[in-house]
Structures are given as C-alpha cells and as structure tokens.
Amino acid sequence: LNDLTLDGVKCPVILRWFHEINGEFFWWNGSDRRVDCVQMFKDLIDRLKAQGVTNALYSLNFEVSAPDANIANWYLGDDYLDFVSGDFYSKNAAPTYPGATVGRMAEAQEYTRILAMGKPFYWAEIGYQYTMNGHAGQWAKNTGGDMQLFPGACMLGLWMPYSGTGVLNGWAPWVGGGSEADVSLMAADRRCITRERVTWDDFTA
C-alpha cells in the first residue's frame with residue numbers, strides 16, 4: 001500500500017476486508033467465530049498502521065438481507081474504522097420510484113442499525129436477481145431510488161457481473177430485452193461515477 005502512488009502521491013484505498021462479516025457463509029464469518037474475526041480484523045489494521053500505512057481507509061461491511069439484532073456486536077470500535085457499509089441483493093420485485101418508502105425495503109432495519117454506529121455509511125454492493133434484471137427501468141430508475149430511500153448513504157456500488165455472451169447470469173443485466181440500454185442510461189446519469197469520469201485531479205485537488 002505504501003508503494004501505491006501516482007506522480008509521487010499516495011493513492012487512497014478503501015479496505016473492505018472480511019466483507020459481509022456478519023453472514024454465515026464464508027470462512028471468516030459465522031456467529032461462532034465473531035470474537036476471533038473481529039480481533040483478526042483489528043490486528044490487521046494495527047499492523048498496517050505500525051508499518052506506516054497512511055493512505056488506507058478501513059471499512060466494516062455487513063450483509064443485510066435478513067434482520068440481525070446483534071449486528072452491533074461486530075463493530076470494531078471508533079478508532080479502527082473510517083466507514084461502515086452494507087451489501088444487499090433483492091430477489092423480489094423492486095418498488096416503483098418515486099413513492100416507495102423505507103418500510104417496504106427488507107434492508108431498512110439493518111440500515112438504521114448500521115447508521116447508529118456513527119460512521120459514514122455506504123452501500124458497497126447492491127444487486128438485482130434473476131427476472132428482476134429484465135424489468136424496464138430496473139437499473140437506471142430503481143438504483144437512483146435506492147439512494148433516495150437511504151439518504152444516509154454517501155455512495156452506492158453495483159454488483160454487475162455482466163456477460164455479453166448471451167449466457168444468462170442471475171446477478172447481471174439480461175442481454176437484450178432492453179436491459180443493456182437501461183444500464184447505459186444509468187451510466188449516463190450525472191450521479192454515476194465511471195472510470196472514464198475519474199481523473200487524478202479529483203484526488204489531489
């Protein structure tokens with residue numbers, strides 16, 4: 001990380017280790033491993049800081065598709081974190097925007113609990129599944145709606161393993177059927193940050 005520079009300036013990096021830390025499906029998570037996982041995360045941060053890494057921002061990430069009343073037990077502590085974030089994938093029909101309310105979204109309860117941790121919050125991964133990917137306006141309209149529903153989020157990342165081969169991907173926009181044009185429309189929105197729109201001046205200004 002110390003060597004990650006451009007024109008002699010260190011590049012900022014958000015480290016989202018052990019993502020979806022409160023889930024039950026990766027080797028690092030599971031309620032029976034919570035104490036060890038939290039301590040391992042803190043040890044890694046301590047080690048980087050001890051080695052003089054100054055360009056890293058540390059993010060604690062949660063899986064929020066189901067209520068988790070004990071989600072706060074995974075919190076590392078204010079001194080260890082710069083961000084908190086959530087991942088959410090919807091299997092159901094998305095609400096129509098405008099007019100949707102937070103109460104209609106499955107992740108609303110966890111969103112409130114994570115905001116209460118007091119750190120800047122963002123959606124690290126948002127995705128739509130299966131037949132939802134073919135809905136008109138799903139990507140261009142409803143993604144913006146997610147940001148309207150959760151004003152405490154400073155940014156939102158989309159998980160889009162797009163395949164141009166015609167092979168159906170359960171997590172990606174469908175090839176044809178208007179989905180490709182819909183994604184292009186979303187990318188053209190001024191709120192959408194793409195690689196082409198980011199310049200080094202954005203980091204050094």
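1. Exposed side of helix α1. In this predicted model, V35, D36, R47 and A50 are exposed on one side of α1, where exposed means over 50% relative accessible area, buried under 20% and partly exposed in between (1.4 Å probe, protein chains only). Helices (H or I, at least four residues) and strands (E, at least two) are DSSP runs, numbered from the N terminus. Residues are numbered from 1 along each chain as its sequence is written, and side-chain values use heavy atoms, with hydrogens and water left out. As the model is predicted, local features need pLDDT of at least 70 and side-chain atom pairs count only at pLDDT 80 or more, whereas totals for chains, interfaces and linings use all residues.

2. Buried side of helix α1. The residues of α1 that are buried are C37, V38, F41, K42, I45 and L48. Viewed along the axis of α1, these buried residues fall within an arc of 130 degrees, so they line one face of the helix; the arc is that of the directions from the helix axis to the C-beta atoms. An α-helix has 3.6 residues a turn, so residues three or four places apart point the same way. The cover over the buried residues of α1 includes β3 (13-15) and β4.

3. Length and end of helix α1. The end C-alpha atoms of α1 are 24 Å apart, which agrees with the 24 Å that its 17 residues should span at 1.5 Å a residue. The expected span is 1.5 Å times one less than the number of residues. Just after α1, G52 has a positive phi of about 85 degrees.

4. K42. This residue is located in helix α1. Apart from neighbours within four places in sequence, K42 is in contact with L76 and Y80, contact being defined as heavy atoms within 4.5 Å. The C-alpha atoms of K42 and D79 are separated by 9.8 Å, and the two residues are 37 residues apart along the chain.

5. Aromatic pairs. Rings of Phe, Tyr and Trp (its six-membered ring) pair if their centres lie within 6.5 Å; planes under 30 degrees apart count as stacked, over 60 as edge-to-face and the rest as tilted. By this rule there are 12 aromatic pairs. For W17 and F41, the ring centres are 6.0 Å apart and the planes are at 70 degrees, so the pair is edge-to-face. W17 lies in the loop between β3 and α1 and F41 in helix α1, so this pair ties together parts that are 24 residues apart in sequence. W17 is partly exposed, at 26% relative accessibility, whereas F41 is buried, with a relative accessible area of 0%.

6. F18 is buried, at a relative accessible area of 11%, while W27 is exposed, at 59% relative accessibility. Ring pairs link W17, F18, F25, F26, W27, W28, F41 and Y58 into a cluster.

7. Positive phi values. Most residues other than glycine have a negative phi. F18, in the loop between β3 and α1, has a phi near 50 degrees, a positive value in a residue other than glycine. E20 is found in the loop between β3 and α1, and its phi is near 55 degrees, which is likewise positive. E20 counts as buried, at 9% relative accessibility.

8. N61. This residue is placed in strand β4 (residues 56-63) and is buried, with a relative accessible area of 0%. The N61 side chain makes a polar contact with the side chain of S85 at 2.9 Å. A polar contact is a pair of N or O atoms within 3.5 Å; within protein, one must be able to donate a hydrogen and the other to accept it, and residues adjacent in sequence count only if both atoms are side-chain atoms. Neighbours within four places in sequence aside, the contacts of N61 include F18, E20 and S85.

9. Helix α2. In α2 (residues 108-115), the residues A108, E110, Y111 and I114 are buried. They cover an arc of only 160 degrees around the axis, which puts them on the same side of α2.

10. Confidence. The protein has a mean pLDDT of 76, and 67% of its residues reach 70 or more; pLDDT is the predictor's confidence in each residue, from 0 to 100. Among the elements, helix α1 (residues 34-50) has the highest mean pLDDT (95) and helix α5 (residues 201-204) the lowest (56). Over residues 93-104 the pLDDT is below 50, and this stretch has 20 contacts in the model beyond near neighbours in sequence.
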